[in-house]
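Please keep the sequence and the structure in view while reading.

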Amino acid sequence: MEETYLLNVEGVRKKILHGGQGELPKFQDGSKITFHFQTLKDDFERTVIDDSREAGIPMEIIVGKMFKLEIWETLLSSMRAGEVAEFWCDAIHTGMYALVSRGMRRIAEGRDPLEGQKHRCGMGNMFDYHSTGYDDLDELQRTPQPLIFIMELFRVEEPSAYKRDTWAMSKEEKLAAVPVLHSEGNRLVLRKEFAQAAAKYQEAVICLRNLQAKEKPWEDGWLKLESLVTPLVLNYCQCQLELGEYYEVLEHTTELLQKHNDNAKAYFKRAKAHAAVWNEREAREDFLRVAHLDPSMAAAVKKELKQLGERMRKKHVEDRKRYQGLFQPSRVP
């Protein structure tokens, strides 16, 4: 039998469609809630707007991480595992739904949910854009209205029970994760598992970049984090060299050298990438810069320049033969 409840929140009504099991979970900050949801209009047809089951992947939110549709955290925290409930929410709680749905739809379509979005709050973006790209969401954005959410709660995991994504970590957790990821990357390199190692280094860099975004560039806090970023980027580039991803190495080393133009190791890795893609002049310039900045690397530079010269001579001979063949008259039997 369906039961209707008030959640002591203005403009919200709850109806239990299927009872859950056990006690009410502990919804502490950092807990991960996994659930399916369906969003309907409050009209005669109960028009379906979104259904997470169509994408085949349950929704996940982290408690206390200010999900844009704040009322969802309130709704879910009233549920038990396995429970299915229907919530009627007044327009005071649903004004942000169009933007939230837009992001979820983009993710389901394999697109960037922030594509084209300015770095402003969600409300600011509502005024910046005349269209979400979806007609039904544009209607909701123009005329906020009550909505019905049908939710099925699968599980609630404590912060220590799952591996959290970088964005869900606190500042202290990110700082603690960086040396662990760095060490795991080094271990994978020793096993020549370069793709997996690169992923570890990249994850560590993302942690630090997220923290840097909250610091003023070139001030003490920012510089301290940058000193941790640089070796991770260089390790990442070394993995990409081993994997033959030379243009990615060029991109990341060039970005690094724009900030630190005296980093000999960055010039060395960029030089090797230039050499691999036949940019002879750029490779020679970078190798010579390495020898100038760090005389201890002169022997390595000399060896690389010798190999570069031999490769380029061989390439020129092969090119000459190829071009000669193009212009020789063909023999008719």
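Which residues are buried in H10? They are Val249, Leu250, Thr253, Leu256 and Leu257, where buried means under 20% relative accessible area, exposed means over 50%, and partly exposed lies in between (1.4 Å probe, protein chains only). This is a predicted model, in which local features need pLDDT of at least 70 and side-chain atom pairs count only at pLDDT 80 or more, while totals for chains, interfaces and linings use all residues. Residues are numbered from 1 along each chain as its sequence is written, and side-chain values use heavy atoms, with hydrogens and water left out.

**Helix H10**

- Helices (H or I, at least four residues) and strands (E, at least two) are DSSP runs, numbered from the N terminus.
- Seen down the axis of H10, the buried residues fall within an arc of 140 degrees, so they line one face of the helix; the arc is that of the directions from the helix axis to the C-beta atoms.
- The face turned away from the buried side of H10 carries the exposed residues Tyr247, Glu251 and Gln258.
- H9 and H11 are among what covers the buried residues of H10.

**Nonpolar cores**

- A nonpolar core is a set of buried Ala, Val, Leu, Ile, Met, Phe, Trp, Tyr and Cys residues joined through side-chain atoms within 4.5 Å.
- The largest nonpolar core has 42 residues, and Leu232, Phe287 and Val290 have the most contacts inside it.
- Among the helices that each supply at least two residues of this core are H9 (220-243), H10 (246-259) and H12 (280-293).
- A second, separate core of 32 residues includes Phe35, Ile49, Phe87 and Leu153.

**Aromatic pairs**

- A search of the whole structure finds eight aromatic pairs; rings of Phe, Tyr and Trp (its six-membered ring) pair if their centres lie within 6.5 Å, and planes under 30 degrees apart count as stacked, over 60 as edge-to-face and the rest as tilted.
- Phenylalanine 35 and tryptophan 72 form an edge-to-face pair, with 5.8 Å centre to centre and 85 degrees between the planes.
- Phenylalanine 35 lies in strand S3 (residues 32-41) and tryptophan 72 in helix H2 (residues 70-76), so the pair ties together parts that are 37 residues apart in sequence.
- Both phenylalanine 35 and tryptophan 72 are buried.
- The ring centres of phenylalanine 268 and phenylalanine 287 are 5.7 Å apart and the planes are at 70 degrees, so this pair is edge-to-face.
- This pair links distant parts of the chain, with phenylalanine 268 in helix H11 and phenylalanine 287 in helix H12, 19 residues apart.

Key: Contact means heavy atoms within 4.5 Å.
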